[in-house]
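Please keep the sequence and the structure in view while reading.

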Amino acid sequence: MENLSHPSYAFFQGGIVPIEEAKIDIRTCALQYGTAVFEGLRSYWNESEQSNYIFRLEDHYKRLFESAKTMMLKINYSIKDLCDYTIDLLKKENYTEDAYIRPFAYNSDLNIGPRLNKDSQDLFIYSIPLGEYLDLSRALKVCVSSWARIPDNCIPPRAKISGSYVNAALQKTEAIMNGYDEAITLSYGTSFVCEGSAMNLFMVKNEILHTPPVSNDILEGITRNAVIELAKEELDLPVVERQISRTELYSADELFFCGTGAQIAPIGNVDGRIIGNNEIGEITKKIQDIYFLAVKNKIKKYSMWCTKVI
Ligand code: PMP
């Protein structure tokens, strides 16, 4: 059920304000032309401790600064400031459930014309309660999208740019309209796999984890990075970053998506070809279990990934 009491607040123009007061001008460049960069983080509710933990807080803000550099957006706060504001905001919201946090740095210029290097920019942060973004109770049915992933020299996928999510919206909407749960994209003009509409992709084949390399028009996912570390450290699984062809997916032993929203989401069907038993694979299940422990600060070794909201 929708939680109507949240969000109550936003960090906006330098301070925390009631969410109704966080409004922007209709002429804003970022609204008109997509000239903004953003992040998506999760906070997890640890029921036994009655605490919230934000997953990889600083890493998300590091990526926000990298995205901002590409888009020539100046962020007038430090990473430390943004981490502190995020914690303050979550304290005010006082969640007792999992939540999603959206920092957004944007070109606030009001003149007509798509330009990057203007002097006006701003940043806001808000959060919403968020359970599952993808249904994790079953293996997903996915298709290879007829929409290619945007290449690096068109709109850089490495940067999390708001305007580039038109590409994701086309993929996701087409997939849903055709009866699938999600889409997998190929890089432009090739048969090499990139990622999902807003999540990275892993393939298990012969007890080896494969994932497309960061040079293959993907967002360098923070969950992807966590999965690589957990697979190597906790499951002793080799991880190979290499180009994956579309039809390799059909004969994979297991496939799964990963991302802040998606978490660890098993795939059971690609383009009508059944993957494994059309249910969560053995290795995917192990990774999912470890991931859900790690994000709630239930594995001491990974507590550096978790920031307590106090
Ligand atoms: N690819 C895209 C296009 C995304 O939007 C996301 C979500 N941020 C991801 C991958 C996964 O990244 P992360 O694990 O950092 O959330």
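In which helix is E93 found? E93 belongs to helix 3, residues 79-93, where helices (H or I, at least four residues) and strands (E, at least two) are DSSP runs numbered from the N terminus.

## Basis of the model

The model is predicted, and local features need pLDDT of at least 70, side-chain atom pairs count only at pLDDT 80 or more, and totals for chains, interfaces and linings use all residues. Residues are numbered from 1 along each chain as its sequence is written, and side-chain values use heavy atoms, with hydrogens and water left out.

## Surroundings of E93

E93 is buried, with a relative accessible area of 3%; buried means under 20% relative accessible area, exposed over 50%, and partly exposed in between (1.4 Å probe, protein chains only). Apart from neighbours within four places in sequence, E93 is in contact with H6, P7, S8, Y9 and S127, contact meaning heavy atoms within 4.5 Å. For P7, the C-alpha to C-alpha distance from E93 is 6.8 Å, although 86 residues separate them in sequence.

## Overall build

The protein chain contains 6 helices and 17 strands. Its radius of gyration is 19 Å, close to the 19 Å that the globule rule gives for 310 residues, so the protein chain is as compact as a globular protein of that length. This radius is taken over C-alpha atoms, and the globule rule is 2.2 Å times the number of residues to the power 0.38. The C-alpha trace spans about 50 × 50 × 35 Å along its principal axes.

Of the 310 residues, 53% count as buried. Among contacts with a separation of 6 or more, 70% involve residues 24 or more positions apart.

## Two domains

The protein chain is divided into domain 1 (9-129) and domain 2 (140-295), with bounds from an automatic or database domain assignment. Their C-alpha centres lie 25 Å apart. At the contact between them, 21 residues of domain 1 meet 19 residues of domain 2.

## The largest pocket

The largest pocket has a volume of about 530 Å³. Of the 31 residues that line this pocket, Y100, R102, K160, Y165 and A198 are the closest to its centre. On a 1 Å grid over the protein atoms alone, a pocket is an open set of points where a 1.4 Å probe fits, with protein on both sides within 12 Å along at least five of seven lines; lining residues have an atom within 4 Å of a point. Grid points are joined across faces, edges and corners, and a volume is the space filled by probe spheres set on the points.

Both domain 1 and domain 2 give residues to the lining of the largest pocket, so this pocket lies between them. Helix 2 (57-70), strand 6 (99-107), helix 4 (165-177), helix 5 (222-235) and strand 14 (254-259) each supply at least two lining residues, and helix 5 gives the most, with 3 residues. The lining comprises 15 nonpolar, 10 polar and 6 charged residues. Here Ala, Val, Leu, Ile, Met, Phe, Trp, Tyr, Cys and Pro count as nonpolar, Asp, Glu, Lys and Arg as charged, and the others, Gly among them, as polar.

## The second largest pocket

About 230 Å³ of space lies in the second largest pocket. Its lining includes R56, D59, K62, R63 and E66, together with R158, E220 and R224. Helix 2 gives the most to this lining, with 4 residues. By class, the lining residues are 2 nonpolar, 2 polar and 8 charged. The second largest pocket also receives lining residues from both domain 1 and domain 2, so it lies between them.
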